[in-house]
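Q: Could you walk me through this model, starting with how a pair of helices packs and then moving on to a few side chains?

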Amino acid sequence: MSKREIRNGLSERLRADIAAGFYRPGEWLRLVDLEERYGVGRFDVRQALAQLASGHMVSHVPNRGYRVVETDRKQRDELTDTRLMLEVPAALLVIEQASEADVAKIEAAALAFDDALEAVPYPEAQKLNHAFHHAFYDCCGNRTLIDLIHELRERNLPGEWNQWAMPTKARSSSLDHLEMVEALKTHDRERMAEVIIRHLTRWREGSSEQR
C-alpha cells in the first residue's frame with residue numbers, strides 16, 4: 001500500500017469516527033493520541049487532518065492544532081437550508097427508483113437503528129443512523145447528488161450531539177425514519193416531503209438562539 005493510500009484510508013477512518021460521534025464537537029485531536037489509535041506516523045496524521053480540514057470536518061487553529069468543527073447557529077441554518085434543497089427532491093427520486101430489495105434494505109436499516117436506541121452507546125447508534133441514510137439515498141439514481149447529500153450531512157453531524165443528548169429527540173428521529181419507509185412503500189410523495197422537512201428542521205425547535 002502506498003503512502004497516499006495510507007493517508008487516504010486514515011482520513012476516511014477519522015471521518016467515520018467523527019461522524020459516529022467518537023470525537024465530540026470542539027474536541028481537540030491530539031496527534032500522539034491519533035498516532036496510537038490508528039497505528040500510523042505523525043506525518044500521515046497531519047496529512048489526514050489537513051484533508052478533513054479542507055472538507056470542514058475539522059478546523060485548524062494555528063499554533064494549537066486541530067479540533068472537531070463546532071457549528072454555530074448560522075452555519076447550521078445554512079447547512080439545513082441547503083440540505084432541504086437537495087434531500088427533498090432526492091427522496092422523491094428514491095420513491096421512483098427504489099426496487100423491492102432496496103425498500104427491504106431501507107426498512108431493515110430503520111428497524112436496526114430503532115432497536116439500538118436503548119441498547120447501545122451513542123457512537124454505535126449513530127453508525128446505524130448513518131447506515132439508514134446511506135441505504136435510503138444511495139438508491140436515488142444520481143451519484144453526484146448522493147455524494148453531496150452525504151458530505152453535507154457529515155458536516156452537520158457534530159451539531160447533532162446536543163439534539164441526541166435528549167432520548168426523546170433520538171426517538172423522534174427514529175420515528176421519522178419509519179415514516180419515511182411507510183411513505184416509500186405507499187409511494188406517497190407529499191408525505192415523504194413532509195417528513196424529510198420535519199426530520200431536517202426538528203433541531204430548530206426550542207432553540208434559544210435567534211435565527
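**Helix packing and side-chain contacts**

A: In this predicted model, the axes of helix α6 (residues 122–137) and helix α7 (residues 143–156) come within 10 Å and cross at roughly 160 degrees.

Q: So are α6 and α7 roughly parallel or antiparallel?
A: The angle is over 145 degrees, which makes α6 roughly antiparallel to α7, and α6 passes α7 in a right-handed crossing.

Q: And which residues make the contact there?
A: On the α6 side the contact is made by Gln126, Asn129, His130, His133, His134 and Tyr137, while α7 contributes Ile146, Ile149, His150, Arg153 and Glu154.

Q: How does the α6 contact with α7 divide into nonpolar, polar and charged residues?
A: The residues of that contact between α6 and α7 divide into 3 nonpolar, 6 polar and 2 charged.

Q: Switching topic, where is arginine 204 found, and is arginine 204 buried or exposed?
A: Arginine 204 is found in the segment after α10 (189–201), and because its relative accessible area of 17% falls under the 20% cut-off, arginine 204 counts as buried.

Q: Ok, tyrosine 38 next: which helix does tyrosine 38 lie in, and is tyrosine 38 buried or exposed?
A: Tyrosine 38 lies in helix α2, which covers residues 31–38, and at 7% relative accessibility tyrosine 38 counts as buried.

Q: What does tyrosine 38 touch, leaving out residues up to four places away in sequence?
A: With those residues not counted, tyrosine 38 touches Leu10, Arg13, Leu14, Asp17 and Tyr23. Leucine 10 is 28 residues from tyrosine 38 along the chain, and their C-alpha atoms are separated by 7.5 Å.

Q: Which side chain is joined to tyrosine 38 by a polar contact?
A: That is aspartate 17, whose side chain is joined to the side chain of tyrosine 38 by a polar contact of 2.5 Å.

Q: Zooming out, how many helices and strands are there in the chain?
A: The chain has 10 helices and 3 strands, and read along the sequence they follow the pattern α-β-α-α-β-β-α-α-α-α-α-α-α.

Q: What percentage of the chain's residues count as buried?
A: Of the 211 residues in the chain, 49% count as buried. As for contacts with a separation of 6 or more, residues 24 or more positions apart account for 72% of them.

Conventions
Residues are numbered from 1 along each chain as its sequence is written. This is a predicted model: local features need pLDDT of at least 70, side-chain atom pairs count only at pLDDT 80 or more; totals for chains, interfaces and linings use all residues. Side-chain values use heavy atoms; hydrogens and water are left out. Axes are lines fitted to C-alpha atoms, for helices over the stretch in contact, and angles run from 0 to 180 degrees between N-to-C directions. Helices (H or I, at least four residues) and strands (E, at least two) are DSSP runs, numbered from the N terminus. Angles under 35 degrees count as roughly parallel, over 145 as roughly antiparallel, 65 to 115 as roughly perpendicular and the rest as oblique. A crossing is left-handed if the near helix is turned anticlockwise from the far one by less than a right angle, and right-handed if clockwise. Contact means heavy atoms within 4.5 Å. Ala, Val, Leu, Ile, Met, Phe, Trp, Tyr, Cys and Pro count as nonpolar, Asp, Glu, Lys and Arg as charged, and the others, Gly among them, as polar. Buried means under 20% relative accessible area, exposed over 50%, partly exposed in between (1.4 Å probe, protein chains only). A polar contact is a pair of N or O atoms within 3.5 Å; within protein, one must be able to donate a hydrogen and the other to accept it, and residues adjacent in sequence count only if both atoms are side-chain atoms.
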